[in-house]
Amino acid sequence: MVEIAIGGAKADAPARMRSEEFAAFCDQRRERALRLAFRLLGGDQATAEDVVQNAFLRAHRALAGFRGDASLDTWFYRILVNEVQRQRRWQGLRRLFSADRETAPEPIDPRPTRDPGLRRRIAAALEHLSVGQREAFVLVHLEELTVNEAAGVLGKAAGTVKSHLHRALTALRGELADLNPEGEKTS
């Protein structure tokens, strides 16, 4: 994690971050930000890259307003999640007004997979979750944030995140139950 303290207290340091320091901040978070956006957007790599770029731009513009109430990482990932939500709303509007929904190509996931069919089933199961459930599941189970960290990123109470997680896991277990041989109990 980048410590940002330039000639003064840490709290006001982000407002005076130099461009080289912001570039280092972005470089250190880019891979995780892309992975998070990719997962929240349902596997659209190009859109995830655009969303991450927009999130870094918004973060840079808002840096002077960073109050230090949360960690710099929590603050940035909250901006990223907001940008993902903004993109999803925009995609919904485009689908609503698009005449050729049937002819639009499917997004391509360029990353190698072991079982493409299984990957599609899991992605489809994640798409059936509500936005809140998907965000909570991705942040806690795929990005390995704690419930409290995820709550900070999402701007929700920890109890709300736990509730979303419980509902997400219940829905995923139900939808993917046939993948669990002999009904083995999962944690």
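This is a predicted model: local features need pLDDT of at least 70, side-chain atom pairs count only at pLDDT 80 or more; totals for chains, interfaces and linings use all residues.

Me: Is L118 buried, partly exposed or exposed?
Reply: Buried means under 20% relative accessible area and exposed means over 50%, with partly exposed in between. Because the relative accessible area of L118 is 33%, L118 counts as partly exposed.

Me: How many helices and how many strands does the secondary structure of the protein chain come to?
Reply: Read from the N terminus on, the elements of the protein chain run α-α-α-α-α-α-α. The secondary structure therefore comes to zero strands and, on the helical side, to seven helices.

Me: Which element gives the most to the largest nonpolar core?
Reply: The largest nonpolar core has 37 residues, and those with the most contacts inside it are A37, W75, F76, L80 and V161. Two or more residues come from each of α1 (19-40), α2 (45-62), α3 (72-97), α5 (131-142), α6 (147-154) and α7 (158-175). With nine residues, the element that gives the most to this core is α1.

Me: Which residues does L80 touch, not counting residues up to four places away in sequence?
Reply: L80 is among the residues with the most contacts inside the largest nonpolar core. With residues up to four places away in sequence not counted, L80 touches A33, L36, A37, V51, V52 and A55.

Me: How many residues are in the second, separate core?
Reply: This second core is separate, and its members include A125, A168, L172 and L176. The second core consists of seven residues.

Me: With which side chain does the side chain of T47 make a polar contact?
Reply: T47 has its place in helix α2, and its relative accessible area of 13% lies under the 20% cut-off, so T47 is buried. Leaving aside neighbours within four places in sequence, T47 is in contact with L41, Q87 and Q91. The polar contact of the T47 side chain, at 2.7 Å, is with the side chain of D44.

Me: What distance separates the C-alpha atoms of K156 and G132?
Reply: K156 lies in the loop between α6 and α7, and with a relative accessible area of 29% it is partly exposed. Leaving aside neighbours within four places in sequence, K156 is in contact with G132, E135, A151, V161 and H164. K156 and G132 are 24 residues apart along the chain, and their C-alpha atoms are separated by 9.8 Å.

Me: Among contacts between residues at least 6 apart in sequence, what percentage join residues at least 24 apart?
Reply: The pair K156 and G132 is an example of such a contact, as these residues are in contact and are 24 residues apart along the chain. For the protein chain, the share of contacts between residues at least 6 apart in sequence that join residues at least 24 apart is 63%.

Notes
Residues are numbered from 1 along each chain as its sequence is written. Side-chain values use heavy atoms; hydrogens and water are left out. A nonpolar core is a set of buried Ala, Val, Leu, Ile, Met, Phe, Trp, Tyr and Cys residues joined through side-chain atoms within 4.5 Å. Buried means under 20% relative accessible area, exposed over 50%, partly exposed in between (1.4 Å probe, protein chains only). Helices (H or I, at least four residues) and strands (E, at least two) are DSSP runs, numbered from the N terminus. Contact means heavy atoms within 4.5 Å. A polar contact is a pair of N or O atoms within 3.5 Å; within protein, one must be able to donate a hydrogen and the other to accept it, and residues adjacent in sequence count only if both atoms are side-chain atoms.
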